[in-house]
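Subject: Structure handover

Hi,

Here is the structure I promised to pass on. Please look it over, then read my notes below.

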Amino acid sequence: MKAVTRQNRPDPSRPADPGTGGERRVSRPPGRWRAVPWVLIALWAALLAVAGPAAGELESVQRDGVAEYLPASAESTQVAEIAQRLPGGGSTDVLLVWQRDGGLTPADRERADAVAAGVAADHGARGTPPGLPSADGTTLVHPLALTGLADETAETEAVADIRDRLARAAETAGDGLTAMAGGSGAVSADLEEVFSSVDATLTLATVAVVTVLLILIYRSPLLWLVPLISVGVAAAVSRAAVYGLVQVFGITVTAQSAGIMTVLVFGAGTDYALLLVARYREELRRHESTHLAMAGALRGTGPALLASSGTVAAGLLVLLVADQRSLSGFGPVAAVGVLCALAVMITLLPALLVLLGRRVFWPAIPVHGGEPPEGARRRWDLFGRMGGSVGRRPRTILTAGVLLLAVCSLGVSALPGQLKDRDSFTDTPESVTAMTLLAEKYPERSSRPITVMVPEESAGRIVERIRTAGGVADAERERTGEGWAEISVHADAPAESAAEEAVVAGLRTALQGTGALVGGPTAQQMDLAATGASDRARVIPLVLLAVLVILVVLLRSLLAPVLLLVAVAASWLASLGLGGFLFGPVFGFEGTDPSLAVITFVFGVALGVDYSIFLVTRMREENLRGLPTRRAALTALSRTGGVIASAGIVLAATFGVLMTLPLVFMIQVGFVVAAGVLLDTFLVRTYVVTAAAWLLDRRLWWPGPLSRETGGGGAHPAPEAREHAG
């Protein structure tokens with residue numbers, strides 16, 4: 001008989017292992033496992049050495065041209081693509097705007113004509129049209145179509161040169177003369193200037209936010225650094241992976257998608273780290289060996305982490321069916337980021353924690369066989385007390401939670417209309433100031449052209465038809481090539497107005513059957529609005545289906561997954577409704593982007609269901625250990641409440657970083673996602689889902705085997721649950 005040594009003799013002073021129901025056994029891992037952490041760290045170091053240079057090249061393949069944000073099948077997109085093939089490539093419309101309150105002098109007009117001629121000669125403009133004076137004589141505009149600009153960088157450089165010439169000319173003229181660059185080219189240059197700083201701004205701000213939150217959560221001088229290093233590795237590797245996808249498959253990467261991917265990697269990666277570290281801390285009290293404790297933590301959290309990342313990745317990949325190019329390209333970009341975060345957090349992070357040992361938790365080092373510190377018990381008690389209130393009044397709490405979500409959702413009807421180009425910035429760049437002035441001074445004419453591409457052989461006849469169409473101020477044939485002729489049309493209405501949209505719609509109707517295509521900035525906005533509706537109809541059902549399938553496989557139930565999906569969808573709708581209440585009256589936003597609903601829905605459902613996955617998988621685990629469903633619900637809430645609340649705060653804060661950018665769309669995405677995460681963390685998961693689970697009892701697991709057990713479901717929590725429920 002094997003002798004009982006001090007190492008393996010049961011210690012009656014130590015509590016039984018909750019995972020086995022028996023006495024705690026102290027054992028050490030086989031020797032071959034001791035090398036695994038070193039191997040994993042070496043592999044990630046080698047991968048990072050290879051990926052580092054590629055990660056730095058991601059900005060070089062980002063494309064932020066107008067066509068990258070348009071629907072692939074839209075008529076305006078076809079116009080933009082044909083324009084690129086014509087002699088000189090795509091044209092860039094720039095308006096040189098001069099204004100003096102007391103009226104322009106003859107010297108002002110001569111100076112303006114000279115600058116326009118110089119710009120036209122140096123930047124390949126198609127002719128130099130005469131300046132158009134306003135009716136009150138205070139304003140003069142030269143519309144120029146620049147050609148030969150190879151990409152967004154060349155366009156930005158050209159606009160910068162034009163603005164420098166305008167500034168010098170205005171300075172020479174003395175006080176009172178204002179010179180500005182407007183038009184779609186100037187707006188694009190201002191957007192490009194913002195995009196150029198998106199990556200650096202978001203990365204620095206996100207790192208700062210995550211660092212502060214990890215320090216506050218862990219209150220340890222060392223522990224916070226381990227997840228931060230790990231998520232930094234995930235961010236670098238994900239950027240390199242996306243760069244590889246661009247090179248191999250030619251996917252579209254914009255500055256917006258790359259920036260949001262960085263936020264997503266930091267937010268989701270930190271969440272995964274919080275969940276794993278919390279479970280690892282539990283296991284360290286059950287196992288003397290850090291290797292075995294980490295193995296137990298990975299077994300306990302692995303299914304939830306895989307399901308969580310799987311739902312997010314699946315939801316994001318559904319965006320591939322979107323017609324809008326920036327959305328369909330964003331899907332695989334963000335999915336790669338999530339999967340890289342998962343890979344790092346279940347390999348590199350555990351390896352670092354195991355090698356650093358228990359001392360990484362100093363000063364609150366978890367003791368083998370010990371109890372959680374008093375502070376942790378108090379946090380457990382908080383969520384335990386919440387669970388206790390659910391157990392006492394489940395119907396009241398469920399009803400109140402549903403009503404609150406419904407009231408918030410009413411704000412969806414108050415969302416402002418479609419976002420216009422001039423309203424895309426939180427500040428007022430020069431291009432917006434110029435366009436606002438032109439709309440005021442030239443109410444009888446749009447300041448930017450409607451571009452019509454017509455078959456070359458019928459160009460003359462079609463031009464005459466265009467000139468007689470309603471709402472058209474003028475139409476001029478610009479250039480010909482590749483079997484097409486380009487016609488520039490100006491509406492007799494201000495740019496971005498409903499009247500100008502009516503002119504575009506009228507031209508499309510009048511030119512049906514001629515082979516003509518109507519595009520330009522206003523047509524692009526109209527096509528984006530139409531595509532936004534069709535993308536919602538395609539993407540939202542597919543996201544729900546993809547997430548439902550993953551939840552059914554994970555939970556081996558139909559009713560529980562449906563409950564979770566309904567809950568997170570309600571949370572998303574409520575957060576969008578909060579945006580409706582606040583965007584106009586509080587933030588002063590004049591519109592919303594057509595893709596806002598789709599992208600926030602994907603994030604709201606895929607990320608929001610994460611926390612319910614963490615809760616319900618722990619509930620199922622407690623069920624399988626013998627606790628009735630109602631008691632399992634309260635125990636799961638008390639055990640996971642603190643870490644999930646921390647994770648929700650981190651994710652909401654990282655997406656809140658988007659609100660620091662001077663772009664309305666990014667602020668709106670950040671607000672809706674952050675609000676949805678907080679609603680889901682503190683209302684939906686804590687109260688609504690727990691109350692519904694309590695009322696459904698074992699029926700929650702229908703039609704799985706847990707739903708057919710008859711021994712549980714008591715109305716009162718067991719002593720263990722009461723202990724944590726306070």
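P703 sits in the loop between α21 and α22 (719–725); helices here are DSSP runs of H or I with at least four residues, strands are runs of E with at least two, and both are numbered from the N terminus. A cis peptide bond joins W702 to P703, with omega about 0°.

This is a predicted model, so local features need pLDDT of at least 70 and side-chain atom pairs count only at pLDDT 80 or more, while totals for chains, interfaces and linings use all residues. Residues are numbered from 1 along each chain as its sequence is written, and side-chain values use heavy atoms, with hydrogens and water left out.

A cis bond also joins W362 and P363, with omega about 15°. P363 is in the loop between α11 (348–356) and α12 (374–392). Most peptide bonds are trans, and most residues other than glycine have a negative phi.

E482 has a positive phi of about 55°. E482 is exposed, at 58% relative accessibility (exposed is over 50% relative accessible area, buried under 20%, partly exposed in between; 1.4 Å probe, protein chains only). E496 has a positive phi of about 60°. E496 is buried at 8%, in the loop between β7 and α16 (498–510).

E482 belongs to a hairpin turn: β6 and β7 have two residues between them. The strands, β6 (residues 472–481) and β7 (residues 484–491), pair antiparallel over eight bridges; pairing requires at least two DSSP bridges. R477 stands opposite I487 in β7.

Now the aromatics. There are nine aromatic pairs. The rule takes rings of Phe, Tyr and Trp (its six-membered ring) with centres within 6.5 Å; planes under 30 degrees apart are stacked, over 60 edge-to-face, the rest tilted. F330 and F603 pair edge-to-face, at 5.8 Å centre to centre and 70° between the planes. That pair links distant parts of the chain, 273 residues apart: F330 is in α10 (residues 325–345), F603 in α19 (residues 596–624). F330 is buried at 2%. F603 is also buried at 2%.

F587 and F671 are edge-to-face too, with 5.8 Å between centres and 70° between planes. F587 lies in the loop between α18 (559–582) and α19, and F671 in α21 (residues 664–696), so this pair ties together parts 84 residues apart in sequence. F587 is partly exposed at 32%, whereas F671 is buried at 13%. F583, F587, F589 and F671 form one aromatic cluster.

What about the core? A nonpolar core is a set of buried Ala, Val, Leu, Ile, Met, Phe, Trp, Tyr and Cys residues joined through side-chain atoms within 4.5 Å. The largest has 149 residues; F603 and M619 are among those with the most contacts inside it. Apart from it lies another core of 25 residues, including A125 and L146.

T77 is in α2 (residues 75–85) and is buried at 0%. T77 touches L70, P71, A72 and R325, not counting residues up to four places away in sequence; contact means heavy atoms within 4.5 Å. T77 and L517 are 440 residues apart in sequence and 9.6 Å apart in space, C-alpha to C-alpha.

Best wishes
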